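User: I have a model open and some labels to check. Please set each label against its criterion.

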Amino acid sequence: MKVQQISVFLENKSGRLAMLTKVLAQEKINIRALSIADTTDFGILRLIVDQPDAAYLMLKRAGFTVSETAVIAVEIPDHPGGLAEILDILAGAEINIEYCYALPQKSNDKALVVFRVERLDEAIRVLLEKGVGVLKEDSVYGI
Amino acid sequence: MIWNRPMETMARKELQALQLQRLKALVERVYHNVPAYREKMQAAGLTPRDVQSLEDLRRLPFTVKQDLRDHYPYGLFAAPMREIVRVHASSGTTGNPIVVGYTRRDLDTWSEVTARTLACAGADADAVVQVSYGYGLFTGGLGIHYGAEKIGATVVPMSGGNTQRQIKLMQDFGATILACTPSYALYLAEAIQEMKIPREKLRLKAGIFGAEPWTEEMRRELEYRLQIMAIDIYGLSEVIGPGVASECPVKNGLHIFEDHFIPEIIDPETEQPLPYGEKGELVFTTITKEGFPVIRYRTRDISVLHAEPCPCGRTHVRMEKVSGRSDDMIIIRGVNVFPSQVESVLLKLGLTEPHYVLVVDRVGSLDTLEVWVEVSDKLFSDEVRNLEKIERTIQRELESLLGLTARVRLVEPKSIERSEGKAKRVIDRRKKQ
């Protein structure tokens with residue numbers, strides 16, 4: 001249930017993101033989702049890829065500052081209020097969300113959102129109890 | 001280990017008598033052989049006979065770097081060129097290079113004092129000394145080289161650069177002593193770590209690091225990473241090169257080899273001599289050099305002298321680690337800032353790799369200081385607020401130490417230029433304007 005997300009430190013200067021994606025392309029690593037959190041000086045790039053461990057090693061070898069973080073990918077009913085229901089469940093369990101971003105979904109009618117939360121295991125448990133679809137990591141990597 | 005026990009542990013009274021005798025001979029020598037010194041003394045109303053005690057040294061005029069430039073190349077040599085067997089020179093990036101000359105006896109003196117330096121780090125005939133200071137016109141490489149040979153150690157004359165090869169030979173040749181700049185030592189330590197070389201593959205015991213000011217925190221870092229004893233050594237070409245002073249294993253200041261060099265500390269503003277224990281600019285008079293002696297040479301290095309006896313037995317005064325250079329000092333909004341202050345904050349916080357650069361600029365009429373710090377794997381977090389917290393912590397510490405606000409900017413690892421010689425710690429963009 002825990003999806004490995006790759007996080008990379010990026011200075012705000014031209015060409016760094018291009019360079020990074022090139023490294024992944026050369027290694028035939030496919031990006032499933034990405035999000036950038038940025039400040040004036042630097043950004044943190046978060047990536048879901050099909051081969052997280054390989055991506056971690058390759059980026060490290062290419063000189064990037066990289067870490068792997070466990071996140072969860074949650075299926076959200078694709079209608080108004082869908083996200084609110086999920087957030088309500090987490091709020092009910094007093095689990096804070098550090099950040100989240102959407103993941104494209106190809107075939108079914110549900111939206112996918114990646115969550116980085118505190119108390120990950122507990123978050124998974126409460127979501128499952130409420131019948132929310134938390135995706136298995138393999139299915140996320142293989143989207 | 002003391003290389004020259006009679007000289008290095010001489011009673012101070014005897015030492016002072018020797019210094020006076022040598023000082024008098026020096027003053028005679030430059031008065032008669034170097035017109036520039038004679039003119040300066042005459043302008044001050046002095047003749048060699050006026051130097052009758054060590055206190056009289058204070059009456060002699062200072063020598064500054066500009067004097068050396070003005071008399072480029074050989075104008076301040078005190079021996080005829082046929083007796084000069086070697087010259088060294090600075091890079092001359094900011095004008096005429098500084099050229100210094102050595103007679104055969106000067107080379108002996110130089111080897112003697114660098115031998116003492118190496119002995120301070122425990123070197124003897126069994127030592128394998130890897131000299132990774134640059135060879136050539138720079139005095140670092142050859143200076144240490146001759147000292148190591150004098151001791152009878154095995155010298156590996158690597159010179160700077162070619163890091164992979166440095167590390168390979170360090171293992172294969174079993175280097176026990178590493179001689180280089182502290183910034184290059186750190187670079188080597190990083191490379192050793194990256195190459196995943198186990199410590200057992202290295203026989204390194206000590207490092208003698210000099211040619212740039214470095215901090216106690218940097219010492220701890222180097223000692224931890226390389227598992228060695230890190231010794232600070234001091235010297236400058238104008239005085240002789242490396243070998244002017246060296247820490248002993250007590251690591252409580254660098255013994256200045258006073259039978260060859262008389263140190264003073266002056267207030268850089270008023271130029272008045274300061275007593276032991278007070279901070280100021282180091283000034284040296286070389287009392288045994290023949291080819292290129294200097295009288296009261298202003299080094300621009302900031303230090304403090306201490307005369308209390310050292311537990312190691314050496315009686316020569318100790319200078320504190322150089323805390324900065326009066327000309328490296330940057331003045332930002334009226335505040336004096338030394339790069340070493342920033343270094344000590346970063347290392348004390350233990351947050352980052354000690355790679356940093358100070359970027360000074362002027363926006364409108366206001367000076368700005370940015371400190372660029374490399375993010376290490378250790379401190380990287382995928383949450384922006386954690387990184388911002390680190391920036392704020394560094395900023396706060398710098399503010400409390402320096403009394404001014406610096407903008408801290410985290411940059412990618414390896415993005416700050418690595419140096420194989422002296423690290424460049426300041427980018428001053430104000431100078432362009």
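User: What is the bridge partner of Glu374(B) in β20(B)?

Analyst: Val411(B) is the bridge partner of Glu374(B) in β20(B). Keep in mind that this is a predicted model.

User: What makes β19(B) and β20(B) a pair?

Analyst: Two strands pair if there are at least two bridges between them. β19(B) and β20 (residues 407-411) of chain B share 5 bridges, in the parallel sense. Therefore they count as paired.

User: Which helix does the chain pass through from β19(B) to β20(B), and what is the hand of the crossover?

Analyst: The path goes through helix α11 (residues 384-402) of chain B. This β-α-β crossover is right-handed.

User: Why is β19(B) called largely enclosed?

Analyst: Because 7 of its 9 residues are buried, strand β19 (residues 366-374) of chain B is largely enclosed by the rest of the structure.

User: Why is Arg296(B) called buried?

Analyst: Buried means under 20% relative accessible area. Arg296(B) has 2%, so the label applies. This residue is found in the loop between β12 (279-286) and β13 (297-306) of chain B. Arg296(B) touches residues including Leu57(B), Phe62(B), Glu264(B) and Phe284(B).

User: What makes the approach of Leu60(B) to Arg296(B) a polar contact?

Analyst: The cut-off is 3.5 Å between N or O atoms. The backbone oxygen of Leu60(B) lies 2.9 Å from a polar atom of the Arg296(B) side chain. That distance is within the cut-off.

User: Turning to chain A, why do β2(A) and β5(A) count as edge strands?

Analyst: The open sheet has 6 strands in the order β2-β3-β1-β4-β6-β5 (chain A), with antiparallel pairing. β2 (31-38) and β5 (97-103) of chain A each have a single partner strand, so one side of each is left without a neighbour in the sheet. The twist averages 35 degrees from one strand to the next.

How values were computed: Residues are numbered from 1 along each chain as its sequence is written. Chains are lettered from A and ligands numbered from 1 in the order in which they are written. This is a predicted model: local features need pLDDT of at least 70, side-chain atom pairs count only at pLDDT 80 or more; totals for chains, interfaces and linings use all residues. Side-chain values use heavy atoms; hydrogens and water are left out. Helices (H or I, at least four residues) and strands (E, at least two) are DSSP runs, numbered from the N terminus. Axes are lines fitted to C-alpha atoms, for helices over the stretch in contact, and angles run from 0 to 180 degrees between N-to-C directions. Buried means under 20% relative accessible area, exposed over 50%, partly exposed in between (1.4 Å probe, protein chains only). A polar contact is a pair of N or O atoms within 3.5 Å; within protein, one must be able to donate a hydrogen and the other to accept it, and residues adjacent in sequence count only if both atoms are side-chain atoms. Contact means heavy atoms within 4.5 Å. A crossover is right-handed if, with the strands pointing away from the viewer, the path from the first strand over the helix to the second runs clockwise. Lists of a residue's contacts leave out its neighbours within four places in sequence.
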